[in-house]
Amino acid sequence: MLALGSVLAALATQEATAANIRLIDFTHRQVPPDQIRSAGFDGALVYVSELRPGADFDFKPVTRGYADALRAAGLHVVSCYQYGKPGWPTPSDYTRGYDGGAADAQTALRLHAAAGGPASAPIFFSIDEDIDFDTWKSVAVQWLRGVNSVLGVHRTGVYGHARACAWAIADGVIGRSTTPGHWWAWQTKAWSGGQRDPRAVLYQSVVVTASEPGVAMGGTHVDVDEVLAADFGQWALDRSR
């Protein structure tokens, strides 16, 4: 049994390590791994979702070749899922209820495995809107419970504003990181009103919008994500033990 001092030192090391890691996520075009590294970033969130009608993105779904190239370059890889978007032309994924969540999880699991994602890694499912508590309770939480029915709570994560992350933790529909005090919550600064949930493992601090270009890289623009825990859902960490 470790002495308290050793435990605290280990946790301090984990937090210090996490504080130095930044990832990107894609909004239009994927970036060559060598350019991600040369820009000072440590990895990327990759989409294990199909491409919705009318979109010309090249990063959905992630390919095995691209995921392998990221890892070969020493970059971290984390899986996330988003198919629908308001008005384009499908509704947001979370509106599809329990059965929709189960179907989305099956797609995510298939594409995650096809890209080489390990069986212990979580997948973050996006709530990419400014939802309120009534919408959470009546619709969104049921969608995540559908996801749970396929992945299990322990591998289910959520992307959303600070309140959505807190609701997901309170309702027990997302899993715990192996880093104490953290859950599979990827918080975006959008719609968070400056609030932060300290239990999140990732924080999207730069968001590409019509008024904000994000970070230019590889001929495109990307979002930036700060890592808040030593275990932030990265593929390279073995959680099977």
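**A guided walk through the model**

Guide: Let's start with strand β7, residues 202-206: 4 of its 5 residues are buried, so β7 is largely enclosed by the rest of the structure. This is a predicted model, in which local features need pLDDT of at least 70 and side-chain atom pairs count only at pLDDT 80 or more, while totals for chains, interfaces and linings use all residues. Residues are numbered from 1 along each chain as its sequence is written, and side-chain values use heavy atoms, with hydrogens and water left out.

Visitor: What makes a residue "buried"?

Guide: Buried means under 20% relative accessible area, exposed means over 50%, and partly exposed is in between, using a 1.4 Å probe and protein chains only. In the protein chain, buried residues make up 50% of the 241 residues.

Visitor: What makes something a strand or a helix?

Guide: Both are DSSP runs numbered from the N terminus: helices are H or I with at least four residues, and strands are E with at least two. The protein chain has 6 helices and 9 strands.

Visitor: How do you know that β7 is joined to strand β6?

Guide: Two strands pair if DSSP finds at least two bridges between them. Strand β6 (residues 185-188) and β7 are joined by 3 bridges and run parallel, with threonine 188 standing opposite glutamine 204 in β7. Strand β9 (residues 220-227) is joined to β7 by 4 bridges, and these two run antiparallel. There, valine 206 stands opposite valine 224 in β9.

Visitor: How many aromatic pairs are there, and what makes two rings a pair?

Guide: Rings of Phe, Tyr and Trp (for Trp, its six-membered ring) pair if their centres lie within 6.5 Å; planes under 30 degrees apart count as stacked, over 60 as edge-to-face and the rest as tilted. By this rule, the count is 11 aromatic pairs.

Visitor: Why is the pair of tyrosine 81 and phenylalanine 125 called tilted?

Guide: Their centres are 5.4 Å apart and their planes are at 35 degrees, so the angle falls in neither the stacked range nor the edge-to-face range. Tyrosine 81 lies in strand β3 (residues 76-81) and phenylalanine 125 in strand β4 (residues 123-126), so the pair ties together parts 44 residues apart in sequence.

Visitor: Why do tyrosine 81 and phenylalanine 125 count as buried?

Guide: Tyrosine 81 has 3% relative accessibility, so it counts as buried. Phenylalanine 125 has 0%, so it counts as buried too.

Visitor: What kind of pair do phenylalanine 125 and tryptophan 143 form?

Guide: Their ring centres are 6.0 Å apart and their planes are at 80 degrees, so this pair is edge-to-face. Tryptophan 143 lies in helix α5 (residues 133-151) and phenylalanine 125 in strand β4, so the pair ties together parts 18 residues apart in sequence. With a relative accessible area of 0%, tryptophan 143 is buried.

Visitor: How do you know that the charged end of arginine 196 sits over a ring?

Guide: The rule asks that NZ of Lys or CZ of Arg be within 6 Å of the ring centre and within 35 degrees of the ring normal. The charged end of arginine 196 sits over the ring of tyrosine 203, 3.6 Å from its centre. Arginine 22 lies over the face of phenylalanine 41, at 4.1 Å from the ring centre.

Visitor: Which residues of helix α6 are buried?

Guide: In α6 (residues 162-170), they are Ala162, Ala164, Cys165, Trp167, Ala168 and Ile169. The buried residues of α6 pack against α5, β5 (156-160) and β6, where contact means heavy atoms within 4.5 Å.

Visitor: Why is tryptophan 191 called partly exposed?

Guide: Its relative accessible area is 33%, so tryptophan 191 falls in the partly exposed range. Tryptophan 191 is placed in the loop between β6 and β7, and its phi is near 65 degrees, a positive value in a residue other than glycine.

Visitor: How do you know that the protein chain agrees with a compact globule?

Guide: The radius of gyration is taken over C-alpha atoms, and the globule rule is 2.2 Å times the number of residues to the power 0.38. For 241 residues a compact globule would have a radius near 18 Å, and the protein chain has 17 Å, which agrees.
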